[in-house]
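Subject: Structure for you to look at

Hello,

Here is the structure I promised to pass on. My notes follow below it.

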Amino acid sequence: MLAASSGPSPLWYATRATGVVALVLLTLTVAFGVAGTARYSSASLPRVVRSGLHRNISLLAVAFVAVHVVTTVLDPYAAIGLTSAAIPFTSPYRPFWLSLGTIAFDLLLAVVLTSLLRSRLSYRIWHGVHWLGYACWPVALWHGLGTGTDSKLSWLLLLDALCVLAVAAAVAVRLTLARPGPRAVGLAATGMFMLATVVFVIIGPLQPGWSRRAGTPAAPASAAALRAKPDGSAIGVSRGTVRPPVRGQEARHGLS
Amino acid sequence: MREHLHSASLRRDERLARIRRLSLWITGGAAAASLGLGTAFAHALPGHSVATGASGTTRSASGSSAGAAPGASGTGRLATGGVKSSGHQHKHGLAKPKQQPVSTPAPPVVSSGGS
């Protein structure tokens with residue numbers, strides 16, 4: 001109640017910060033993983049070191065994603081419950097884009113659990129689930145772009161672009177080892193994904209009114225504005241409602 | 001043979017140490033980046049020191065403003081349009097109230113009970 005009435009809590013900032021860092025760590029994980037499948041090795045980065053970094057960074061990414069999820073659930077700003085954090089399409093707040101994050105989280109959990117149980121699973125099952133983990137990265141990227149409060153920030157767009165380029169470069173290196181047929185398909189898919197991402201950012205988050213189109217509940221914002229007293233001081237709102245946006249947030253959410 | 005094993009063991013230890021060192025650097029960097037980003041978001045949130053209520057007027061962010069930084073809650077910082085205010089500013093920046101507190105014009109009339 002207090003947090004809701006006194007502005008964004010530290011949890012909200014932690015959510016956003018850990019989300020950004022988790023995406024960078026996931027990018028490194030994918031890049032090292034793809035480099036591993038390409039049998040990349042150099043004097044400065046031997047295979048053992050690269051493999052160890054892939055494992056450690058992925059665990060670190062899981063830790064950051066866990067903090068991201070926990071702070072999101074605890075923070076009353078968007079009122080996202082535990083159910084919404086684990087089951088896709090159950091959140092009233094930007095359902096589709098939030099669900100992408102949920103799916104990425106579930107995929108990551110599956111990879112971690114199967115990796116922990118690797119000795120009890122067949123290599124085929126573990127490998128299949130591990131490959132699914134690679135889908136976590138583009139899903140997480142689009143989750144960040146679609147849901148992220150800060151998607152319009154230029155430095156964050158640059159960071160996203162660097163992440164895409166890093167993974168694309170790793171995939172391109174990997175595809176040089178593939179046969180001509182799969183190589184062409186892989187390069188085309190990578191190019192299509194990059195193009196789709198750029199187009200999505202241009203016609204989506206960068207356009208005014210994205211907040212409403214993304215599925216931000218319109219009622220809470222206006223209702224919260226109505227709850228403000230005539231003298232300008234807002235009445236405390238209970239958990240489960242969204243506070244009235246400040247000017248900057250209105251602009252970023254396209255509410256203005 | 002023994003020297004070969006020894007050198008292989010040394011090489012393995014060196015590589016494991018490198019993994020540990022790099023992992024620690026990345027972990028530290030990620031933690032620092034997370035803290036830095038969180039702080040930056042808290043301070044750079046446009047208008048976080050400007051609270052807009054229904055009247056849309058600039059007002060104190062203390063305990064009531066939407067979008068105010070969490071550090072601002074309870075500190076009573078004065079909001080000036082788009083200008084960030086530091087945490088200690090309110091100690092010197094609080095303006096006197098324009099209006100004196102309204103005093104009670106007359107003591108309440110107490111009537112004896114009708115019974």
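Start with helix 3 of chain A. Its buried residues are A:Leu53, A:Ile57, A:Ser58, A:Leu60, A:Ala61, A:Val62, A:Phe64, A:Val65, A:His68, A:Val69, A:Thr71 and A:Thr72. Keep in mind that this is a predicted model.

What covers those residues? The cover includes helix 2, helix 4 (82-86) and helix 5 (95-116) of chain A, together with helix 1 of chain B. The length of helix 3 of chain A agrees with expectation, because its 28 residues should span 40 Å at 1.5 Å a residue and its end C-alpha atoms are 40 Å apart.

**Between the chains**

Helix 3 (residues 47-74) of chain A packs with helix 1 (residues 2-44) of chain B at an angle of about 30 degrees. Their axes are 9 Å apart. Angles under 35 degrees count as roughly parallel, so helix 3 of chain A and helix 1 of chain B are roughly parallel to each other. The crossing of these two helices is right-handed.

From helix 3 of chain A, the contact uses A:Val48, A:Val49, A:Gly52, A:Leu53, A:Asn56, A:Ile57, A:Leu60 and A:Phe64. Helix 1 of chain B supplies B:Arg15, B:Arg18, B:Ile19, B:Leu22, B:Ser23, B:Ile26, B:Thr27 and B:Ala30. By type, the contact residues are 10 nonpolar, 4 polar and 2 charged.

**Chain B**

Chain B holds 2 helices and 0 strands. Of its 115 residues, 22% are buried. Take its contacts between residues at least 6 apart in sequence: 27% of them join residues at least 24 apart.

**Helix 2 of chain A**

How much of helix 2 of chain A is buried? It is mostly covered, with 24 of its 28 residues buried. From first C-alpha to last it reaches 40 Å, close to the 40 Å expected at 1.5 Å a residue. Just after this helix, A:Arg39 takes a positive phi of about 60 degrees.

Helix 2 (residues 10-37) of chain A also packs with helix 7 (residues 154-175) of chain A. The angle is about 10 degrees and the axes are 8 Å apart. These two helices are therefore roughly parallel to each other. Residues in the contact include A:Val20, A:Leu23, A:Val24 and A:Thr27 of helix 2 of chain A. Among those from helix 7 of chain A are A:Leu156, A:Cys163, A:Ala166 and A:Arg174. The contact divides into 14 nonpolar, 2 polar and 1 charged residues.

Best wishes

How values were computed
Residues are numbered from 1 along each chain as its sequence is written. Chains are lettered from A and ligands numbered from 1 in the order in which they are written. This is a predicted model: local features need pLDDT of at least 70, side-chain atom pairs count only at pLDDT 80 or more; totals for chains, interfaces and linings use all residues. Axes are lines fitted to C-alpha atoms, for helices over the stretch in contact, and angles run from 0 to 180 degrees between N-to-C directions. Helices (H or I, at least four residues) and strands (E, at least two) are DSSP runs, numbered from the N terminus. Angles under 35 degrees count as roughly parallel, over 145 as roughly antiparallel, 65 to 115 as roughly perpendicular and the rest as oblique. Two residues are in contact if their C-beta atoms, placed from the backbone, lie within 7 Å. Ala, Val, Leu, Ile, Met, Phe, Trp, Tyr, Cys and Pro count as nonpolar, Asp, Glu, Lys and Arg as charged, and the others, Gly among them, as polar. The expected span of a helix is 1.5 Å times one less than its number of residues. A residue is buried if 20 or more other C-beta atoms lie within 10 Å of its own, exposed if 12 or fewer, and partly exposed in between; C-beta atoms are placed from the backbone. A crossing is left-handed if the near helix is turned anticlockwise from the far one by less than a right angle, and right-handed if clockwise.
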